[in-house]
Amino acid sequence: ERLTRVDDLARFVQRSRLISTAGNQFLGSVTRIEPGAVNAEVVLRVSDQVSIVAIITEQSREELDIRVGSQLVALVKASSVLLATGTELTVSARNIIRGRITRLARGKVNTDVYIDIGGEKTLNAMITNHSAEALELKKHQPIAAFFKASSVILLAG
């Protein structure tokens, strides 16, 4: 069936277990909301060390009844996560998360990079093998991962 509204998704989830293709799924609590005319910025604390910023429409915020203290799941596709090895990082992405590489899984075209971001949390990035080689990625290496707030999808229970 085609899902066209949040209500459709809610009915779907009630009928079955929700499984996502997003490589990153974080449960957290909303700590701040910055409402706007069209969009809202939602800050979700997923561990003592990490918060994730999401940009959603005001309509979605109202329909999902998102408030400070709400428990949500943040989804981020691994292919939306970019990586940098330098210590100085100036980018337009709202989410910059530092950690250490715990695993590299190289495929024919892409490399899956697993990053320990503290608080028993792992962030996954999917980058090209060319990029992995150019960055000279190695296990235990410090790394900065970043992604745009608009790349975050929020799920409410």
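# Exercises on sheets, core and salt bridges

D65 is partly exposed, its relative accessible area being 41%. The classes used here are buried (under 20% relative accessible area), exposed (over 50%) and partly exposed (in between), computed with a 1.4 Å probe on protein chains only.

The model is predicted, so local features need pLDDT of at least 70 and side-chain atom pairs count only at pLDDT 80 or more, while totals for chains, interfaces and linings use all residues. Residues are numbered from 1 along each chain as its sequence is written, and side-chain values use heavy atoms, with hydrogens and water left out.

## Exercise 1: chain layout

Give the numbers of helices and strands in the chain, and their order along the sequence.

Step 1. Helices (H or I, at least four residues) and strands (E, at least two residues) are DSSP runs, numbered from the N terminus. The chain has three helices and 10 strands.

Step 2. Read along the sequence, these elements follow the pattern α-β-β-β-α-β-β-β-β-β-α-β-β.

Step 3. The chain has 157 residues, of which 37% are buried.

Step 4. Contact means heavy atoms within 4.5 Å. Among contacts in the chain with a separation of 6 or more, 61% come from residues 24 or more positions apart.

## Exercise 2: the sheet that contains β1

Give the strand order of the open sheet that contains β1, and trace the pairing on either side of β4.

Step 1. Two strands pair if DSSP finds at least two bridges between them. The order is β3-β2-β1-β4-β10, an open sheet of five strands with antiparallel pairing.

Step 2. β3 (51-57) and β10 (153-156) are the edge strands, each pairing on one side only. From one strand to the next, the twist averages 45 degrees; axes are lines fitted to C-alpha atoms, for helices over the stretch in contact, and angles run from 0 to 180 degrees between N-to-C directions.

Step 3. Strand β4 (residues 71-76) is joined to β1 (residues 24-34) by six bridges, and the two run antiparallel. Within this pairing, F26 lies opposite A74 of β4, and Q25 lies opposite L75 of β4.

Step 4. β4 is also joined to β10, by four bridges and again antiparallel. Here L75 faces I153 of β10.

## Exercise 3: the sheet that contains β7

Give the strand order of the open sheet that contains β7, then describe the setting of T111.

Step 1. Five strands in the order β5-β9-β6-β7-β8 make an open sheet with antiparallel pairing. The twist from one strand to the next averages 45 degrees.

Step 2. β7 and β8 run antiparallel and are joined by eight bridges. The bridge partner of D116 in β8 is T122.

Step 3. T111 belongs to β7 (residues 110-118). T111 is buried, at 3% relative accessibility.

Step 4. A polar contact is a pair of N or O atoms within 3.5 Å; within protein, one must be able to donate a hydrogen and the other to accept it, and residues adjacent in sequence count only if both atoms are side-chain atoms. The side chains of T111 and N129 make such a contact at 2.6 Å.

Step 5. Residues up to four places away in sequence set aside, T111 touches several residues, including L104, R106, I127 and A132.

## Exercise 4: the core

How many residues does the largest nonpolar core have, and which have the most contacts inside it?

Step 1. A nonpolar core is a set of buried Ala, Val, Leu, Ile, Met, Phe, Trp, Tyr and Cys residues joined through side-chain atoms within 4.5 Å. The largest has 31 residues, and L83, L123 and L154 have the most contacts inside it.

Step 2. Strands that each supply at least two residues of this core include β2 (39-45), β6 (95-106), β8 (121-128) and β9 (142-147).

Step 3. Leaving aside neighbours within four places in sequence, L154 contacts residues including V42, A54, I66 and V73.

## Exercise 5: salt bridges

Which residues are linked with R32 in a network of salt bridges?

Step 1. A salt bridge is a side-chain nitrogen of Lys or Arg within 4 Å of a carboxyl oxygen of Asp or Glu. The whole structure has six.

Step 2. R32 meets E34 at 3.8 Å, N to O. R32 also bridges to E41, with the closest N and O atoms 3.2 Å apart.

Step 3. The network consists of R32, E34, E41 and R94.

Step 4. By accessibility, R32 is partly exposed at 36%, E34 is partly exposed at 45%, and E41 is buried at 15%.

Step 5. D65 forms a salt bridge with R67, the closest N and O atoms lying 2.8 Å apart.
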